[in-house]
Amino acid sequence: MSSPVIAMVGMVTIDYLYVLESHPVEGSTNAAKAHRVVAGGPAGRSAITAGRLGGDVRALGMCGNDLHADVLRGEFGREPLSLTLFPEDQPSQHSCVMVAEDSGSRTIIWTPQPRANQQLLDAVDDTLRGAAAALLDCTDPVLSRAAIDSCRKFEIPVIIDTGSYRESSEEFLSRVDYIIAPEKFFSARHPEESLEDGMRKVYSDFQPAVLAATRGELGGIYLDASGAHSYDPHPVTVVDSCGAGDTFHGAFAWAIATGAPAEKAFRIASWTAARKCSALGNDGLPDVAAFAAAREV
């Protein structure tokens, strides 16, 4: 049986990750207890997740032309996916991630990915053609618009990772099938409403097949044509939470591409995100064998 083709379009990056005893205070000097170079980004870590679960993954993004771009290509080259990057003559995107050992929480300092150039936009159709599902982020409106146009042309189900609320992303939400947003997205768009009421308004405004609010260790809520539902979190001792949301989105996209219904896709995504949090960097991301052996999914 062939693996489903999954397309990831958006931001890929490199995380320079440092584990500290606790988050630093102003003016302090802190020794790292551990450090890693980790491939990440909303589209990047999602692509790695889907690839390790067995998907035939195509990823598309931008980069710069410096040492960070070389590191980025090298780290993603070790993963089970096909990544196409188009360079611009500028510094490449990267992040400094500080993980507190006492809580597993993180502080991130990041630099942006170069904006989509014409070479990248010309490659969108070839990347998406034949995909069973596509996952997009909202980091570059021009790229998002082109990718959604292509998905609609090829009748590909679209999952969108909204990230934090941006008014500029609203033009895309009525054109996608699955909207996955963090809880803070709804509180920003509807600050006077409860989460449930804010979700109902977003669902009414854009009418996706599925609208979800992710709540981290509290699980999540989603709406579809049959009403409101919830999915449970999977218990985990958190070592590193950086990229948990990206992992969730990648696992969800993989599940949808395999034909899983939304209820099962959310269960798989929640389990996969928990496994990611159990280890530093991408070490906790499950592979095909780990997923097959998991009785709790």
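Start by selecting S150 and showing what it touches: leaving aside neighbours within four places in sequence, S150 is in contact with V124, D125 and L128 (contact means heavy atoms within 4.5 Å). You'll find S150 in helix 4; helices here are DSSP runs of H or I with at least four residues, strands are E runs of at least two, and both are numbered from the N terminus. Is S150 buried or exposed? At 2% relative accessibility, S150 counts as buried (under 20% relative accessible area is buried, over 50% exposed, and in between partly exposed, using a 1.4 Å probe and protein chains only).

A quick word before moving on: this is a predicted model, where local features need pLDDT of at least 70 and side-chain atom pairs count only at pLDDT 80 or more, while totals for chains, interfaces and linings use all residues. Residues are numbered from 1 along each chain as its sequence is written, and side-chain values use heavy atoms, with hydrogens and water left out.

**Helix 3 against helix 4**

Now select residues 118-128, which make up helix 3, together with helix 4: the two pack at an angle of about 35 degrees, with their axes 9 Å apart. Axes are lines fitted to C-alpha atoms, for helices over the stretch in contact, and angles run from 0 to 180 degrees between N-to-C directions. Helix 3 passes helix 4 in a right-handed crossing (right-handed if the near helix is turned clockwise from the far one by less than a right angle, left-handed if anticlockwise). To see the contact, show L120, L121, V124, D125 and L128 on helix 3, and on helix 4 pick V142, L143, A146, A147, S150, C151, K153 and F154.

R175 lies in the loop between helix 5 (170-173) and strand 10 (178-182), while D149 is in helix 4 (residues 141-154), so the pair ties together parts that are 26 residues apart in sequence. Both partners are partly exposed: R175 at 28% relative accessibility and D149 at 40%.

**A buried pair**

Jump to K276 and D240. Their side chains meet in a salt bridge, 3.5 Å from N to O. K276 lies in helix 9 (residues 262-277) and D240 in the loop between strand 13 (227-231) and helix 8 (244-257), so parts 36 residues apart in sequence are tied together. K276 is buried, with a relative accessible area of 0%, and D240 is buried with 0% as well. How many salt bridges are there by this rule? The count comes to 19. For a network of them, select D15, R45 and D246.

Finally, show helix 8 and helix 9, which pack at an angle of about 145 degrees with their axes 8 Å apart. Helix 8 passes helix 9 in a right-handed crossing. Among the residues making the contact are F248 and F252 of helix 8 and F266 and K276 of helix 9.

Select F252 and F266: they form a tilted aromatic pair, 4.7 Å centre to centre and 40 degrees between the planes. Rings of Phe, Tyr and Trp (its six-membered ring) pair if their centres lie within 6.5 Å; planes under 30 degrees apart are stacked, over 60 edge-to-face and the rest tilted. F252 and F266 are both buried. Last stop: ring pairs link Y178, Y222, Y231, F248, F252 and F266 into a cluster.

Notes: Salt bridge = Lys/Arg side-chain N within 4 Å of Asp/Glu carboxyl O.
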